[in-house]
Structures are given as structure tokens and as C-alpha cells.
Amino acid sequence: MNFLAHIYLSGNNDMIKIGNFMADGIRGNDYLKFPDEIRKGIMLHREIDTFTDAHPIFRKSKHRLHERYGHYSGVIIDIFYDHFLAKNWETYSSVPLATYINTFYKLLDTNFKLLTLKTQKMLPSMVNQNWLLSYATVEGIGTILYQMDYRTKFKSKMQFATDELKLYYNDFENEFTLFFEEVRKMSIEKLQND
């Protein structure tokens, strides 16, 4: 799962959303430095990642890319799954996607001092290029994958993964739909039990 899914799976608690969103950059016990609700978001992020990486449906999607992209295949599927969440947003939320995203950007801006330095540095590009909304189109996914490939000095070849997205589009979408129901249930249970 990538940014959009992690934010969505945080439910309605703004601080949990922030923690879940920036959790990738927080290592080990460093999460203990944050306020309680942000800590919950960080731990939820870790639970989601563990659940996702071990899930047979996610692994099936990932396997389809493994020969060409190796260990980057999981990162690519995270982005593909965010695409299908954005594309089918009305199925999951009554709030329009653009409204949801703009509200989230404002939340980050309002709580800028709570963000990690890495997140603070990333935020202007994210907002200016509207990364989250770009997930809704294959072209937007292509741009995101190109930027990620650039960060690997083009070793990952991720920029070409839209070829597989187009070729296996229905398979990936069906797998996302089945998987997302399960990760939603797990996230809801985790939020209710914490």
C-alpha cells in the first residue's frame, strides 16, 4: 500500500492519518518520540505493511512483475493498488477524491511542526505536483514511477511498469479489490482495539 491507501485506512482520526502517512521514515523505537495518536498511526502503518507483504493476493500481483523488476516489484504493486483505490474512490468514500486529498494536504500544512524532517522536505513537491490525485490515472502512475526510477538512477526500470499495468489491468484491479476488502477489515479491527 502506498500513501493514499495508508491515509484512507487510518479512518477519521487526523493524527493517526499523519502518523500512518509519514511512518516509512521512522525507524525502530523512534516512534516513541511522537504524541500518542501519531504513534498509533505509525504502528498501524507497520501492521498494514506486514499484513500486505505476507498476503497471498498481494504476492500474486507482485509475482507477475518479479522477473522484470526484482525486489522493486512490491513497491510497484503498492503504487498500482493506490491507482485502483483512486480510480474506484466512490466505492470507498462519499467524500470526492479531490476534496479528500486537499483536506489532507491542509492537515499536513496545519501540523507541519509535527512532521518528520523528511516529510517536511517532501511536502512542497507532493502538493505542487498533487501526487495523490495523480494516482487516479495511468499517466499519473507513469509520472510517479518515472520519479521513483530517477531516484534509483534508473536501475529499477520502474518507469516501464505501466506496460504491465496496461497488459494485466483487469487482473491487477480484481486482485486489488479482493485484497483491499481484507486490509480494510484488518485496519478497522486494529483501530477499534487500540
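Why does Asn-20 count as buried? In this predicted model, the relative accessibility of Asn-20 is 0%, and the residue is therefore classed as buried, the cut-off for that class being under 20% relative accessible area. Asn-20 lies in helix H2, which covers residues 14–22, and, when its neighbours within four places in sequence are left aside, it is in contact with His-6, Ser-10, Gly-41, Ile-42, Leu-44, His-45 and Ile-48.

Two of these partners, Leu-44 and Ile-48, also belong to the part of helix H3 that makes the contact with helix H12. Helix H3 (residues 36–54) and helix H12 (residues 169–193) pack at an angle of about 145 degrees, their axes lying 11 Å apart, and the crossing of H3 past H12 is right-handed. On the H3 side the contact is formed by Leu-44, Glu-47, Ile-48, Phe-51 and Thr-52, and on the H12 side by Phe-179, Glu-182, Val-183, Met-186, Ser-187, Lys-190 and Leu-191; by class, these comprise 7 nonpolar, 2 polar and 3 charged residues.

The largest nonpolar core holds 62 residues, of which Met-1, Phe-21, Phe-80, Leu-85, Met-126, Leu-132 and Phe-180 touch the most other members. Helix H5 (residues 73–87) gives the most to this core, contributing 8 residues. Of the 15 residues of H5, 13 are buried, so that the helix is mostly covered, and its reach from first C-alpha to last is 21 Å, close to the 21 Å expected at 1.5 Å a residue. Phe-180, for its part, touches Met-1, Ala-5, Tyr-8, Leu-9, Leu-85 and Tyr-92, with residues up to four places away in sequence not counted.

How values were computed. Residues are numbered from 1 along each chain as its sequence is written. This is a predicted model: local features need pLDDT of at least 70, side-chain atom pairs count only at pLDDT 80 or more; totals for chains, interfaces and linings use all residues. Side-chain values use heavy atoms; hydrogens and water are left out. A nonpolar core is a set of buried Ala, Val, Leu, Ile, Met, Phe, Trp, Tyr and Cys residues joined through side-chain atoms within 4.5 Å. Buried means under 20% relative accessible area, exposed over 50%, partly exposed in between (1.4 Å probe, protein chains only). Helices (H or I, at least four residues) and strands (E, at least two) are DSSP runs, numbered from the N terminus. Contact means heavy atoms within 4.5 Å. The expected span of a helix is 1.5 Å times one less than its number of residues. Axes are lines fitted to C-alpha atoms, for helices over the stretch in contact, and angles run from 0 to 180 degrees between N-to-C directions. A crossing is left-handed if the near helix is turned anticlockwise from the far one by less than a right angle, and right-handed if clockwise. Ala, Val, Leu, Ile, Met, Phe, Trp, Tyr, Cys and Pro count as nonpolar, Asp, Glu, Lys and Arg as charged, and the others, Gly among them, as polar.
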